[in-house]
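Dear colleague,

I am handing over the structure below, and after it I set out what was found in it. Please read the notes with the model open beside them.

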Amino acid sequence: MDLSPEEQSFLAGEAGPATQKAMQILEALGRIYGAERMIPVRSAQISGVSYANLGEAGLAWLAEMAAGGGKVRAFTTLNPAGMDVENYPALGIGEAFAENQRRVLAAFEQMGVVTTCSCTPYLFGNLPHFGEHVAWAESSAVCYANAVLGARTNREGGPSALAAALTGRTPAYGLHLDENRQPGLHVQVTAALEDIPDFGALGKVIGDRVQSRASQRVPFITGLANASLEELKSLCASMATFGGVGLFHIAGITPEASRFNPPVETITITRADLEGARAALTSAAPEEIDFFSLGCPHLSLPEIQRIAEGLRGKRVTREFWITTSRPIKGMADRMGYTEIIEGAGARFATDTCCVVAPIAGRFKALATDSAKACYYAAGKNQFKTRLMPFDELIREATR
Ligand code: F3S
(Lines give C-alpha, C1' and ligand atoms only; values in the text may rest on other atoms or scores of the structure.)
Protein backbone atom coordinates (compact mmCIF):
# COMPACT_ATOMS: atom_id res chain seq x y z
CA MET A 1 0.00 0.00 0.00
CA ASP A 2 1.04 3.51 -0.69
CA LEU A 3 1.26 5.07 2.79
CA SER A 4 1.87 8.74 3.49
CA PRO A 5 4.82 9.74 5.72
CA GLU A 6 2.41 10.28 8.63
CA GLU A 7 0.80 6.86 8.13
CA GLN A 8 4.24 5.29 8.02
CA SER A 9 5.14 7.03 11.27
CA PHE A 10 1.96 5.62 12.88
CA LEU A 11 3.00 2.17 11.70
CA ALA A 12 6.49 2.65 13.12
CA GLY A 13 5.03 3.41 16.55
CA GLU A 14 6.03 7.07 16.61
CA ALA A 15 2.55 8.12 17.77
CA GLY A 16 2.40 5.48 20.51
CA PRO A 17 1.46 1.81 20.76
CA ALA A 18 -2.31 2.23 20.40
CA THR A 19 -2.04 4.23 17.18
CA GLN A 20 0.52 1.73 15.93
CA LYS A 21 -1.83 -1.19 16.64
CA ALA A 22 -4.67 0.70 14.94
CA MET A 23 -2.54 1.35 11.84
CA GLN A 24 -1.47 -2.30 11.75
CA ILE A 25 -5.14 -3.36 11.72
CA LEU A 26 -5.95 -0.98 8.87
CA GLU A 27 -2.87 -1.90 6.87
CA ALA A 28 -3.71 -5.60 7.19
CA LEU A 29 -7.32 -4.92 6.14
CA GLY A 30 -6.11 -2.86 3.20
CA ARG A 31 -3.81 -5.66 2.06
CA ILE A 32 -6.58 -8.29 2.35
CA TYR A 33 -9.00 -6.18 0.30
CA GLY A 34 -6.45 -4.88 -2.23
CA ALA A 35 -6.58 -1.22 -1.19
CA GLU A 36 -3.90 0.94 -2.79
CA ARG A 37 -4.00 3.73 -0.21
CA MET A 38 -5.62 5.10 2.92
CA ILE A 39 -8.27 7.81 2.84
CA PRO A 40 -9.09 10.31 5.59
CA VAL A 41 -12.37 9.76 7.43
CA ARG A 42 -14.48 12.58 8.82
CA SER A 43 -16.09 10.47 11.53
CA ALA A 44 -16.31 7.02 13.06
CA GLN A 45 -19.09 5.11 14.79
CA ILE A 46 -18.06 2.14 16.89
CA SER A 47 -20.10 -1.00 17.60
CA GLY A 48 -19.44 -3.67 20.21
CA VAL A 49 -20.19 -1.38 23.13
CA SER A 50 -22.43 -3.58 25.27
CA TYR A 51 -20.46 -5.41 27.94
CA ALA A 52 -22.79 -8.35 27.22
CA ASN A 53 -21.16 -8.66 23.78
CA LEU A 54 -17.63 -7.54 24.65
CA GLY A 55 -16.98 -9.57 27.77
CA GLU A 56 -13.70 -9.27 29.68
CA ALA A 57 -11.56 -9.99 26.60
CA GLY A 58 -13.12 -7.13 24.64
CA LEU A 59 -12.89 -4.80 27.62
CA ALA A 60 -9.22 -5.72 28.15
CA TRP A 61 -8.46 -4.81 24.53
CA LEU A 62 -10.17 -1.42 24.87
CA ALA A 63 -8.35 -0.74 28.14
CA GLU A 64 -5.05 -1.62 26.46
CA MET A 65 -5.73 0.78 23.59
CA ALA A 66 -6.65 3.54 26.07
CA ALA A 67 -3.58 2.87 28.20
CA GLY A 68 -1.46 2.86 25.03
CA GLY A 69 -2.25 6.53 24.49
CA GLY A 70 -4.98 6.05 21.90
CA LYS A 71 -6.74 9.35 21.05
CA VAL A 72 -9.28 9.77 18.31
CA ARG A 73 -8.32 11.76 15.22
CA ALA A 74 -11.90 11.88 13.88
CA PHE A 75 -15.22 12.69 15.56
CA THR A 76 -16.40 9.39 17.01
CA THR A 77 -19.63 8.17 18.61
CA LEU A 78 -20.73 4.81 19.99
CA ASN A 79 -23.40 2.24 19.27
CA PRO A 80 -25.93 1.40 22.02
CA ALA A 81 -24.56 0.04 25.29
CA GLY A 82 -26.06 -2.74 27.38
CA MET A 83 -27.93 -0.37 29.66
CA ASP A 84 -29.42 3.05 30.15
CA VAL A 85 -26.49 4.77 31.79
CA GLU A 86 -28.71 6.88 34.06
CA ASN A 87 -31.72 4.65 34.57
CA TYR A 88 -30.51 1.04 34.50
CA PRO A 89 -32.06 -0.16 37.82
CA ALA A 90 -35.55 0.65 36.50
CA LEU A 91 -34.83 -1.60 33.51
CA GLY A 92 -33.81 -4.51 35.71
CA ILE A 93 -30.06 -4.25 35.04
CA GLY A 94 -27.94 -5.30 38.03
CA GLU A 95 -25.07 -3.39 39.63
CA ALA A 96 -22.38 -5.89 38.57
CA PHE A 97 -23.26 -5.52 34.88
CA ALA A 98 -23.54 -1.74 35.28
CA GLU A 99 -20.06 -1.51 36.76
CA ASN A 100 -18.55 -3.44 33.85
CA GLN A 101 -20.50 -1.35 31.34
CA ARG A 102 -19.16 1.81 32.98
CA ARG A 103 -15.58 0.47 32.61
CA VAL A 104 -16.22 0.02 28.87
CA LEU A 105 -17.49 3.58 28.51
CA ALA A 106 -14.61 4.95 30.59
CA ALA A 107 -12.08 3.35 28.23
CA PHE A 108 -13.79 4.92 25.22
CA GLU A 109 -13.99 8.28 26.98
CA GLN A 110 -10.28 8.17 27.76
CA MET A 111 -9.64 7.86 24.03
CA GLY A 112 -11.77 10.94 23.29
CA VAL A 113 -14.81 9.07 21.97
CA VAL A 114 -18.10 10.89 22.54
CA THR A 115 -19.86 8.34 24.74
CA THR A 116 -23.32 8.95 23.36
CA CYS A 117 -24.56 5.45 22.66
CA SER A 118 -26.86 5.24 19.67
CA CYS A 119 -27.40 3.53 16.34
CA THR A 120 -28.81 6.75 14.84
CA PRO A 121 -25.80 9.09 15.19
CA TYR A 122 -27.01 10.99 12.12
CA LEU A 123 -29.88 12.37 14.25
CA PHE A 124 -27.58 14.28 16.60
CA GLY A 125 -24.58 15.60 14.75
CA ASN A 126 -22.54 12.65 13.50
CA LEU A 127 -23.93 13.52 10.08
CA PRO A 128 -21.62 13.13 7.09
CA HIS A 129 -22.51 14.96 3.92
CA PHE A 130 -22.72 13.61 0.37
CA GLY A 131 -19.53 11.93 -0.79
CA GLU A 132 -17.80 12.20 2.58
CA HIS A 133 -15.80 9.19 3.77
CA VAL A 134 -16.51 7.79 7.24
CA ALA A 135 -15.90 4.53 9.10
CA TRP A 136 -19.09 3.31 10.74
CA ALA A 137 -19.84 -0.05 12.24
CA GLU A 138 -23.55 -0.25 13.11
CA SER A 139 -25.04 -2.00 10.10
CA SER A 140 -28.28 0.01 9.94
CA ALA A 141 -26.36 3.28 10.23
CA VAL A 142 -23.86 2.13 7.58
CA CYS A 143 -26.74 1.54 5.19
CA TYR A 144 -28.30 4.91 6.10
CA ALA A 145 -24.99 6.74 5.61
CA ASN A 146 -24.35 5.16 2.21
CA ALA A 147 -27.84 5.01 0.77
CA VAL A 148 -29.73 7.92 2.29
CA LEU A 149 -26.93 10.43 2.89
CA GLY A 150 -24.70 9.44 -0.01
CA ALA A 151 -21.69 9.31 2.31
CA ARG A 152 -19.22 6.43 1.95
CA THR A 153 -18.43 3.74 4.48
CA ASN A 154 -17.79 0.04 4.56
CA ARG A 155 -19.48 -2.15 7.14
CA GLU A 156 -16.80 -1.85 9.80
CA GLY A 157 -16.41 -4.11 12.78
CA GLY A 158 -15.84 -2.67 16.26
CA PRO A 159 -12.01 -2.99 16.10
CA SER A 160 -11.65 -1.57 12.58
CA ALA A 161 -13.95 1.36 13.41
CA LEU A 162 -11.86 2.11 16.50
CA ALA A 163 -8.69 1.80 14.41
CA ALA A 164 -10.12 4.30 11.91
CA ALA A 165 -11.06 6.64 14.77
CA LEU A 166 -7.56 6.54 16.26
CA THR A 167 -5.78 7.16 12.96
CA GLY A 168 -8.39 9.24 11.10
CA ARG A 169 -7.93 6.85 8.15
CA THR A 170 -9.51 3.85 6.50
CA PRO A 171 -8.26 1.72 3.59
CA ALA A 172 -9.70 2.76 0.21
CA TYR A 173 -11.71 -0.28 -0.86
CA GLY A 174 -15.30 -1.51 -1.07
CA LEU A 175 -18.01 1.12 -0.83
CA HIS A 176 -15.49 3.97 -0.73
CA LEU A 177 -14.84 3.40 -4.45
CA ASP A 178 -17.13 4.53 -7.29
CA GLU A 179 -17.13 1.17 -9.05
CA ASN A 180 -18.59 -0.65 -6.04
CA ARG A 181 -21.50 1.77 -5.68
CA GLN A 182 -23.02 0.80 -9.05
CA PRO A 183 -26.35 -0.99 -8.73
CA GLY A 184 -26.52 -4.58 -9.96
CA LEU A 185 -30.10 -5.64 -9.28
CA HIS A 186 -33.30 -3.83 -10.19
CA VAL A 187 -35.96 -4.25 -7.47
CA GLN A 188 -39.35 -3.26 -8.79
CA VAL A 189 -41.87 -2.70 -5.98
CA THR A 190 -45.47 -2.97 -7.13
CA ALA A 191 -47.04 -2.65 -3.66
CA ALA A 192 -47.89 0.71 -2.07
CA LEU A 193 -46.04 0.77 1.26
CA GLU A 194 -48.24 1.88 4.13
CA ASP A 195 -46.31 1.88 7.40
CA ILE A 196 -42.94 1.22 9.03
CA PRO A 197 -43.48 -2.57 9.23
CA ASP A 198 -44.02 -2.51 5.45
CA PHE A 199 -40.59 -0.91 5.02
CA GLY A 200 -39.09 -3.49 7.39
CA ALA A 201 -40.80 -6.25 5.43
CA LEU A 202 -39.48 -4.81 2.17
CA GLY A 203 -35.99 -4.84 3.64
CA LYS A 204 -36.42 -8.47 4.63
CA VAL A 205 -37.68 -9.54 1.20
CA ILE A 206 -34.86 -7.72 -0.62
CA GLY A 207 -32.30 -8.87 1.95
CA ASP A 208 -33.37 -12.50 1.67
CA ARG A 209 -33.20 -12.38 -2.13
CA VAL A 210 -29.82 -10.62 -2.21
CA GLN A 211 -28.45 -13.02 0.38
CA SER A 212 -29.46 -16.05 -1.64
CA ARG A 213 -27.49 -14.90 -4.69
CA ALA A 214 -23.97 -16.06 -5.35
CA SER A 215 -22.71 -12.52 -5.84
CA GLN A 216 -24.23 -9.78 -3.74
CA ARG A 217 -25.51 -6.84 -5.73
CA VAL A 218 -26.35 -3.24 -4.83
CA PRO A 219 -30.17 -3.04 -5.12
CA PHE A 220 -31.74 -0.29 -7.24
CA ILE A 221 -35.32 0.12 -6.08
CA THR A 222 -38.12 1.58 -8.16
CA GLY A 223 -41.82 1.99 -7.44
CA LEU A 224 -41.66 3.80 -4.09
CA ALA A 225 -43.61 7.07 -4.17
CA ASN A 226 -41.90 8.49 -1.09
CA ALA A 227 -40.32 7.51 2.21
CA SER A 228 -39.84 9.39 5.48
CA LEU A 229 -36.63 9.46 7.50
CA GLU A 230 -38.20 6.99 9.93
CA GLU A 231 -39.28 4.62 7.16
CA LEU A 232 -35.83 4.79 5.58
CA LYS A 233 -34.04 4.01 8.85
CA SER A 234 -36.28 0.98 9.27
CA LEU A 235 -35.65 -0.14 5.69
CA CYS A 236 -31.89 0.26 6.20
CA ALA A 237 -31.93 -1.76 9.43
CA SER A 238 -33.90 -4.54 7.84
CA MET A 239 -31.97 -4.81 4.58
CA ALA A 240 -28.69 -4.83 6.52
CA THR A 241 -29.97 -7.50 8.91
CA PHE A 242 -31.45 -9.90 6.41
CA GLY A 243 -29.15 -9.35 3.45
CA GLY A 244 -25.94 -7.79 4.77
CA VAL A 245 -26.71 -4.86 2.44
CA GLY A 246 -24.52 -1.79 2.96
CA LEU A 247 -25.86 0.31 0.10
CA PHE A 248 -28.98 0.58 -2.05
CA HIS A 249 -30.48 3.24 -4.26
CA ILE A 250 -34.14 4.30 -4.53
CA ALA A 251 -35.18 6.09 -7.71
CA GLY A 252 -36.39 9.59 -6.93
CA ILE A 253 -35.50 9.37 -3.23
CA THR A 254 -31.84 8.62 -2.49
CA PRO A 255 -29.15 10.99 -3.73
CA GLU A 256 -27.03 8.75 -5.95
CA ALA A 257 -29.93 7.03 -7.74
CA SER A 258 -30.04 9.64 -10.50
CA ARG A 259 -26.50 8.67 -11.55
CA PHE A 260 -27.68 5.25 -12.70
CA ASN A 261 -30.21 3.51 -14.91
CA PRO A 262 -32.08 0.52 -13.49
CA PRO A 263 -29.98 -2.64 -14.00
CA VAL A 264 -31.28 -5.23 -16.46
CA GLU A 265 -31.65 -8.05 -13.96
CA THR A 266 -35.00 -7.39 -12.27
CA ILE A 267 -37.01 -8.85 -9.42
CA THR A 268 -40.53 -7.78 -8.55
CA ILE A 269 -41.88 -7.38 -5.04
CA THR A 270 -45.63 -7.53 -4.56
CA ARG A 271 -48.03 -6.93 -1.70
CA ALA A 272 -48.13 -10.72 -1.19
CA ASP A 273 -44.34 -10.75 -0.68
CA LEU A 274 -44.62 -8.04 1.98
CA GLU A 275 -47.47 -9.82 3.73
CA GLY A 276 -45.44 -13.04 3.71
CA ALA A 277 -42.47 -11.29 5.33
CA ARG A 278 -44.70 -9.65 7.95
CA ALA A 279 -46.26 -13.00 8.76
CA ALA A 280 -42.83 -14.65 9.05
CA LEU A 281 -41.86 -12.11 11.70
CA THR A 282 -44.99 -12.67 13.77
CA SER A 283 -45.16 -15.73 16.00
CA ALA A 284 -46.90 -14.30 19.08
CA ALA A 285 -50.64 -13.75 19.53
CA PRO A 286 -51.64 -10.36 21.03
CA GLU A 287 -52.48 -11.92 24.41
CA GLU A 288 -49.00 -13.48 24.67
CA ILE A 289 -47.15 -10.16 24.50
CA ASP A 290 -45.44 -9.22 27.76
CA PHE A 291 -42.92 -6.72 26.32
CA PHE A 292 -43.43 -3.78 23.97
CA SER A 293 -40.55 -1.84 22.50
CA LEU A 294 -40.33 1.00 19.98
CA GLY A 295 -37.02 2.39 18.77
CA CYS A 296 -35.09 -0.03 16.59
CA PRO A 297 -33.26 1.86 15.16
CA HIS A 298 -33.34 4.51 17.91
CA LEU A 299 -36.34 6.81 17.81
CA SER A 300 -36.40 10.26 16.26
CA LEU A 301 -38.04 13.15 18.13
CA PRO A 302 -41.16 13.11 15.90
CA GLU A 303 -41.61 9.43 16.74
CA ILE A 304 -41.40 10.17 20.48
CA GLN A 305 -43.89 12.98 20.02
CA ARG A 306 -46.22 10.46 18.36
CA ILE A 307 -45.82 8.04 21.29
CA ALA A 308 -46.61 10.83 23.76
CA GLU A 309 -49.76 11.68 21.80
CA GLY A 310 -50.79 8.02 21.85
CA LEU A 311 -50.15 7.57 25.57
CA ARG A 312 -51.49 10.88 26.84
CA GLY A 313 -53.93 10.20 29.70
CA LYS A 314 -53.55 6.41 29.43
CA ARG A 315 -51.75 3.61 31.31
CA VAL A 316 -49.69 0.86 29.75
CA THR A 317 -50.59 -2.61 30.96
CA ARG A 318 -47.28 -4.35 30.24
CA GLU A 319 -43.55 -3.52 30.10
CA PHE A 320 -42.98 -0.89 27.39
CA TRP A 321 -39.50 0.40 26.42
CA ILE A 322 -38.90 3.59 24.46
CA THR A 323 -35.36 3.34 23.07
CA THR A 324 -33.51 6.38 21.84
CA SER A 325 -30.30 8.36 22.16
CA ARG A 326 -29.46 10.66 25.08
CA PRO A 327 -29.60 13.88 22.97
CA ILE A 328 -33.05 13.02 21.56
CA LYS A 329 -34.23 12.07 25.07
CA GLY A 330 -33.04 15.50 26.23
CA MET A 331 -35.30 17.15 23.65
CA ALA A 332 -38.19 14.89 24.66
CA ASP A 333 -37.67 15.96 28.30
CA ARG A 334 -37.75 19.59 27.28
CA MET A 335 -40.90 19.20 25.24
CA GLY A 336 -42.78 17.44 28.04
CA TYR A 337 -43.04 14.16 26.09
CA THR A 338 -41.04 12.24 28.70
CA GLU A 339 -43.41 13.27 31.46
CA ILE A 340 -46.43 12.06 29.48
CA ILE A 341 -44.77 8.78 28.48
CA GLU A 342 -43.44 7.97 31.93
CA GLY A 343 -46.72 9.12 33.47
CA ALA A 344 -48.38 6.39 31.40
CA GLY A 345 -46.00 3.81 32.88
CA ALA A 346 -43.74 3.28 29.85
CA ARG A 347 -39.97 3.49 30.41
CA PHE A 348 -37.25 5.21 28.47
CA ALA A 349 -34.37 2.84 27.71
CA THR A 350 -31.92 5.50 26.58
CA ASP A 351 -28.40 4.55 25.36
CA THR A 352 -29.51 0.94 24.86
CA CYS A 353 -32.12 -1.18 23.12
CA CYS A 354 -34.16 -4.36 23.42
CA VAL A 355 -31.47 -6.31 21.53
CA VAL A 356 -28.21 -5.30 23.20
CA ALA A 357 -29.53 -5.12 26.79
CA PRO A 358 -29.06 -8.40 28.71
CA ILE A 359 -32.74 -9.38 29.00
CA ALA A 360 -32.81 -13.01 27.83
CA GLY A 361 -35.26 -14.97 29.96
CA ARG A 362 -37.10 -11.89 31.29
CA PHE A 363 -39.85 -11.82 28.70
CA LYS A 364 -41.68 -14.29 26.49
CA ALA A 365 -43.03 -12.24 23.60
CA LEU A 366 -41.97 -8.90 22.11
CA ALA A 367 -44.20 -6.54 20.13
CA THR A 368 -42.32 -4.04 17.97
CA ASP A 369 -42.64 -2.17 14.68
CA SER A 370 -39.10 -3.24 13.70
CA ALA A 371 -38.28 -6.22 11.48
CA LYS A 372 -34.70 -6.12 12.76
CA ALA A 373 -35.79 -6.25 16.40
CA CYS A 374 -38.03 -9.24 15.60
CA TYR A 375 -35.09 -11.07 14.04
CA TYR A 376 -32.76 -10.56 17.02
CA ALA A 377 -35.42 -10.99 19.70
CA ALA A 378 -36.12 -14.45 18.31
CA GLY A 379 -32.53 -15.39 17.47
CA LYS A 380 -30.70 -13.93 20.46
CA ASN A 381 -33.26 -13.96 23.26
CA GLN A 382 -35.65 -16.70 22.10
CA PHE A 383 -38.64 -14.36 22.43
CA LYS A 384 -41.75 -14.84 20.34
CA THR A 385 -42.39 -11.73 18.27
CA ARG A 386 -45.22 -9.67 16.86
CA LEU A 387 -44.50 -7.10 14.14
CA MET A 388 -47.07 -4.33 14.57
CA PRO A 389 -47.78 -0.88 13.12
CA PHE A 390 -46.52 1.93 15.38
CA ASP A 391 -49.87 3.39 16.49
CA GLU A 392 -51.58 0.01 16.78
CA LEU A 393 -48.76 -1.17 19.06
CA ILE A 394 -49.28 1.85 21.33
CA ARG A 395 -53.00 1.11 21.52
CA GLU A 396 -52.35 -2.57 22.26
CA ALA A 397 -49.93 -1.66 25.07
CA THR A 398 -52.70 0.23 26.86
CA ARG A 399 -55.37 -2.44 26.45
FE1 F3S B 1 -30.21 0.00 17.04
FE2 F3S B 1 -30.44 -1.95 18.76
FE3 F3S B 1 -31.93 -1.91 16.61
S4 F3S B 1 -28.56 -1.06 18.04
S5 F3S B 1 -30.71 -0.87 15.06
S6 F3S B 1 -31.97 -0.41 18.29
S7 F3S B 1 -30.90 -3.66 17.44
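Ser-43 is found in strand 2 (residues 43-46), where strands are DSSP runs of E of at least two residues and helices are runs of H or I of at least four, both numbered from the N terminus. This is a predicted model, in which local features need pLDDT of at least 70 and side-chain atom pairs count only at pLDDT 80 or more, whereas totals for chains, interfaces and linings use all residues. Residues are numbered from 1 along each chain as its sequence is written, and side-chain values use heavy atoms, with hydrogens and water left out.

Ser-43 counts as buried because its relative accessibility is 4%, the cut-off being under 20% relative accessible area with a 1.4 Å probe and protein chains only. Leaving aside neighbours within four places in sequence, Ser-43 is in contact (heavy atoms within 4.5 Å) with residues including Ala-74, Phe-75, Asn-126 and His-133.

The open sheet has four strands in the order 4-3-2-5, with parallel pairing, and two strands pair if DSSP finds at least two bridges between them. Strand 4 (114-117) and strand 5 (135-136) stand at the edges with a single partner strand each, so one side of each is left without a neighbour in the sheet. Strand 2 and strand 5 pair in the parallel sense over two bridges, and Gln-45 has Trp-136 in strand 5 as its bridge partner.

Elsewhere, Trp-61, Leu-62 and Met-65 in helix 3 meet Pro-159, Leu-162 and Leu-166 in helix 6.

Best regards

Definitions and conventions. Buried means under 20% relative accessible area, exposed over 50%, partly exposed in between (1.4 Å probe, protein chains only).
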